[in-house]
Amino acid sequence: MGVTVLQAYPMPENKSGAHIIDYLSKRLLSLGATHAGQFLVDCETFISTPQPHNGTPGRAVHVLHNSEYPASTFSIIDSGTGKQVSLVADSIFDLLMLKMTNTFTSKKQTKIESRGARFEYGDFVIKLGSVTMMEHFKGILIEIEYKSCMILAYCWEMIREMLQGFLNINVGKDFPSYFAPQTIMTAMGQQQMHAKHNDMYEPTDTVKQYLEQFTNYRKHVSMHGSVSGGIQGGLGGQQQQPVHMSPAPVMGAAGGFGLIRP
Amino acid sequence: MSNSVNISVETTCENQIREIGYDGTEQYQPAPTLSESLAKCAARIDFSKTSLDDLKKEEKTAAAAEEENKDGTQFQESLWPWDAVRNKLKDALTEICVLSDVISIAKDKRYLVLDPLLEEGDDTKPIVQVYSRKKAISQAAQVLLSGAERLRNAHSEQRSRNVSDFHIELLRLRQNWRLKKVSNAIIGDLSYRTAGSKFGMSGTFEVTKAEEASDDDSASTSTTSSSTATNNGMQMKASSALRVIVPAELQGVAYIKVITQKDQEDLCTAQVNLMGHGPNITAQVGVWQKTLEFAQNVLFCKELFAQLAREAIQLQAPIPHVVIGNQIRATLLPNIQLIISLCHSTTFDSNQPAPINDHDHVLEHSLHQLLREVHYKNSHHPFPHPASAPLGPSKKRMLAGPMAADRETLLDMTKTQTILEQIIAQAQHIFMRKRTQYVLDTLARDVKDPQIVSHWNAMNSPTMSCVKINIVTHGYDAIGRTSLVIHVKERSLKCICRDGRVMRLSYEPQELRDLILCQINSHQISCLVSLARCMAWTVLSNSNHLGIGKVEPLGNASSCLLASPNGDRMIAVQIRCDPQIDVKVYIARSPRQDFFPSPLVPEKLWENLGGNFKEVKFDKIEGKSFLNKMEFLMASLTSNTA
């Protein structure tokens, strides 16, 4: 169990997801990684049924599973105000959610999952996942885990170098948006900048990163028609939005993916 | 002029309708007047509650019935409800008057006297009474006397003989073993089934009275086994009133023998035996205790051996285990075998064979504990939290969900080791530890110059021990010390040096020896470097792996080059270790003595370039150790002249 970083892969317009996955796996295998099974991360969302009257969105309960922790079920409650409460429970939690259909209804159409192959390369575990929502392909998420380290600040540079090496994309120098310093309220009621990259890494952090990415993919349904791939404010530098490619794409090691960074 | 309006106020008509006329008018029953309602209430009083008035009640009911009939014809409403009440009150008044008359007459005592009733006297004769009492008392006396007689007999019997009662013996037996009564036989159980064992062999024994029992009249008196009790002090052959019969396959004495063999030589042996070789604890109880304990021991050894044999057949080892008869052979390391055998001798004699002298308590205790652990796991299951969770997974597995355990951790939880694997691992480790100790001790004995001090950890696990080795030179401990830690595992060693290098060695003892020699090598040079600094000599260079000279089987030479404080002397030291530590020391002086200006090199200043190195007869130098000699050498070569 080590530090895990999620990286969304910028999809070129005229390539299919399967092709990209194939291309990346070939690169990994030639690098010397070994294929080690499959992985699956899925997320189902439940919305509280009695919609509150004052217009705020109801509370959402996200239930996630990660095949890397097969005995556990993760759950995150998202009240409309942005506060998130996370929970790690035994797999029997899913049965509990089935009983809660009176209070929470499942929005079946937003069931989203990331599935793909898992590669092991020394101390790294790299997962190439294709994100699908109701059989529609949404994008590609790369998950990279460095098993020897538990604090991101110590190994971010190495992870970044690894990502840039085999993905051949530009990864920003800053920490991913999930780990960026945030203001939190201390116990004494003061606001304080808290740097998440100095904390010990926990399995719930992986799941929260996935939730963040999945939420973006869900919001994309509304933004699907945008041409220039404008980036929503508030998303960090890690978001790689689908980019409109010129009619004659230049592929290959030199890379032709233009990025728009905030 | 306002017209007055007539307002009619009517009550709600609650009265019953008696009659409806042909023109629609309704005739109501008039509402009951106050007196009528009072009469109704009074009529409800039940005067017949008292028991004395039962007869009168009948009369009254009869009278009331007559009156009803009468009143039914006359239909006098006002008198009818009160009539019954009036009659009842009238009767009550009559009786009260009579009672007061009687009491006043009785008080006068002239015409009426009240006397108490006399009891009737007994008309039986007193003699009959006496006779019946005497009989009753004599019967009671008889009962008491017979009871006392019985007690006296029992007491005198108990004192007269020295063998205890059957029932006392049975009580002691029940305190130590599980017994139950089946029809008219007493069956006991000496197996470990209630402790969690699942062995198929039954351990039931039967308890009977001893043969020399004499029959008595009363069934409850104890039987004695007379007199042939020879009560020697040492021999516990006291005959007892009961006998235990154990099954035939559990008779005798059994023990499990564990031997580690190297090429047909016995290296170490171990015995597994439940019977302690301590003081004989069966002194107080009868001879049956020993029999039962031996039988239980046989059962335990059989179960242990059966379990080991089953595992030996099921396990896939690189060199397969061999099970022949009552022996299991397993290979620990190449040429080293572990032999576990079950020895069962059915002729039980009191002079048992003397135990084997090098008794390995550790393996014996381990096998016993391992089987006991299996029994414990069979009978104790961890309770699930919450109570609705399935019963079965261990506490770690139940916590794995909420703690987000990853796949490797979950896989590790599923791996279990059988008893045979565990005992093989422990035996391998014991062997590796003995071997490592032997290597270190012989090296410490042979190499005197730096001293090798090894500190073994007092606490270790059955499959891993640690030793810390310090290499110091006597007298120069403050100058430098080389230390390393060796983790002794089952088939390998792991060495961690002070500078962080980790080396993994196999089970060959030569590898450890070579490693220590190399460490001695580098110790000498590093201590020499520190010593030179103390002596104000300059260290020009040193190297741990020179790579010069002929190829050595063991590492490379290490060297050091020192210059004196005023630069006129140089010392070069080279240490090899092939297989002994070999030290060569050379000295050079500058300016060189043998410089003569030649046409090629005319200037005299070239004599300062330094002369040839000449070897020193190092073993002839005074000094107790290498560092001591070097110190003297450096001291002697240090000169004051500039």
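Chain A of this predicted model has four helices and eleven strands. Of the 262 residues in chain A, 44% are buried, and among its contacts between residues at least 6 apart in sequence, 59% join residues at least 24 apart. Chain A meets chain B in an interface that buries about 940 Å² between them, and a search of the whole structure finds 18 salt bridges over all chains.

**Interface of chain A and chain B**

- The size of an interface is often given as the accessible area lost when the parts come together. For chain A and chain B, the buried area comes to about 940 Å², and 54% of it is on carbon and sulfur atoms.
- The contact draws on 15 residues from chain A and ten residues from chain B.
- Which kinds of polar pairing does the rule find across the interface of chain A and chain B? There are two residue pairs in polar contact, both at pLDDT 80 or more, while the number of salt bridges across this interface is zero.
- On the side of chain A that touches chain B, at least two residues each come from β2 (34-48), β4 (72-78) and β5 (84-90) of chain A; β5(A) gives the most, with three residues.
- Sorted by class, the side of chain A that touches chain B has nine nonpolar residues, together with three polar and three charged residues.

**Strand pairing in chain A**

- Strand β2(A) runs antiparallel to strand β7 (residues 112-121) of chain A, and eight bridges join the two. Within this pairing, Asp42(A) has Glu113(A) in β7(A) as its bridge partner.
- Strand β7(A) also pairs with strand β8 (residues 124-133) of chain A, again in the antiparallel sense, over ten bridges. Here the bridge partner of Ile112(A) is Met133(A), which lies in β8(A).
- How many residues lie between β7(A) and β8(A) in the hairpin that they form? There are two residues between these strands, and Gly122(A) in the turn has a positive phi of about 65°.

**Salt bridges in chain A**

- Side chains of opposite charge can pair when their charged atoms come close. In Lys127(A) and Glu68(A), which form a salt bridge, the closest N and O atoms are 2.9 Å apart.

- Lys377(B) forms a salt bridge with Glu373(B), and their closest N and O atoms are 3.4 Å apart.
- Both Lys377(B) and Glu373(B) lie in helix α7 (residues 361-379) of chain B, where they are four residues apart, about one turn of the helix.
- The relative accessible area of Lys377(B) is 56%, so this residue is exposed, whereas Glu373(B) counts as partly exposed at 40% relative accessibility.

**A loop residue of chain B**

- Asp619(B) is found in the loop of chain B between β21 (614-616) and α12 (626-637), and this residue is exposed, with a relative accessible area of 63%.
- Asp619(B) and Lys629(B) are ten residues apart along the chain, and their C-alpha atoms are separated by 8.9 Å.

Methods
Residues numbered from 1 in each chain as written. Chains lettered and ligands numbered in written order. Predicted model: local features only at pLDDT ≥ 70, side-chain atom pairs only at ≥ 80, totals over all residues. Heavy atoms only, no water. Contact = heavy atoms within 4.5 Å. Buried area = accessible area lost by both parts, 1.4 Å probe. Salt bridge = Lys/Arg side-chain N within 4 Å of Asp/Glu carboxyl O. Polar contact = N/O pair within 3.5 Å; in protein donor to acceptor, adjacent residues only side chain to side chain. Nonpolar A, V, L, I, M, F, W, Y, C, P; charged D, E, K, R; others polar. Pairing = 2+ DSSP bridges. Buried < 20%, exposed > 50% of the residue type's maximum accessible area, 1.4 Å probe, protein only.
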